[in-house]
Amino acid sequence: MKKMIIAALLSSLATAGASAETVVIVSQKNPATRMFSEQASQFFLGKSNLFTPVDQAEGSHIRADFYQKVADKDPAQVKALWSKLVFTGKATPPKEYPNNAEVKKAVAADPKAIGYIDKSAVDDTVKVILTLP
């Protein structure tokens with residue numbers, strides 16, 4: 001009986017983690033209201049400077065999941081791309097923050113900033129412009 005309960009708990013925890021949604025956010029002062037994944041990837045991969053990207057910490061699950069969903073790239077591919085851009089002087093990588101709260105705070109304070117956080121961390125200081133399943 002104990003094994004069944006433990007198995008059920010572990011299964012529900014795995015399902016809860018897998019079902020977390022990531023959202024792309026901007027400041028309430030930013031006029032953007034919607035964005036496609038392809039557009040978001042342009043900002044986070046240094047192909048456009050219309051927005052200032054704000055990244056989650058390197059090695060975090062949300063960061064790996066985000067880049068996989070918007071750009072179909074794993075962390076090593078993203079790091080290699082940014083290394084090349086920095087080396088050639090074409091771009092500066094996004095500033096990293098350690099968690100959802102810090103990303104949200106940085107985005108809320110800068111009308112040009114764009115970031116991504118867990119949907120559960122959204123409040124009225126930021127605006128969601130894209131939801132990634």
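In what order do the strands of the open sheet stand? Keep in mind that you're looking at a predicted model, and colour the strands. You'll find five of them in an open sheet, ordered 3-2-4-1-5, with mixed pairing.

Now pick out the two edges. Strand 3 (95–97) and strand 5 (126–132) each have a single partner strand there, so one side of each is left without a neighbour in the sheet.

Next, select strand 2, residues 52–56, together with strand 3. The two run parallel and are joined by three bridges. For a landmark, show Q56, which stands opposite Y97 in strand 3.

**On to the helices**

Select helix 2, residues 37–44. This helix lies across strand 2, strand 4 (113–118) and strand 5, and runs at about 115 degrees to strand 4.

How do the axes of helix 2 and helix 3 cross? They come within 8 Å and cross at roughly 120 degrees.

Show side chains where the pair meets. From helix 2 you want S37, S41 and F44, and these meet F66, Y67, V70 and A71 in helix 3. By type, the residues of this contact are five nonpolar, two polar and no charged.

**Last stop: the pocket**

Which residues lie nearest the centre of the largest pocket? Select E58, R63, V78, K79 and E96; they are among the 16 residues that line it. The volume of this pocket is about 270 Å³.

Now highlight helix 3 and helix 4 (75–87), the elements that give two or more residues to the lining. Helix 4 supplies the largest share, with six residues. Colour the lining by type and you'll get eight nonpolar, three polar and five charged residues.

Note on methods:
Residues are numbered from 1 along each chain as its sequence is written. This is a predicted model: local features need pLDDT of at least 70, side-chain atom pairs count only at pLDDT 80 or more; totals for chains, interfaces and linings use all residues. Side-chain values use heavy atoms; hydrogens and water are left out. Two strands pair if DSSP finds at least two bridges between them. Helices (H or I, at least four residues) and strands (E, at least two) are DSSP runs, numbered from the N terminus. Contact means heavy atoms within 4.5 Å. Axes are lines fitted to C-alpha atoms, for helices over the stretch in contact, and angles run from 0 to 180 degrees between N-to-C directions. Ala, Val, Leu, Ile, Met, Phe, Trp, Tyr, Cys and Pro count as nonpolar, Asp, Glu, Lys and Arg as charged, and the others, Gly among them, as polar. On a 1 Å grid over the protein atoms alone, a cavity is a set of points where a 1.4 Å probe fits but cannot get out, and a pocket is an open set with protein on both sides within 12 Å along at least five of seven lines; lining residues have an atom within 4 Å of a point. Grid points are joined across faces, edges and corners, and a volume is the space filled by probe spheres set on the points.
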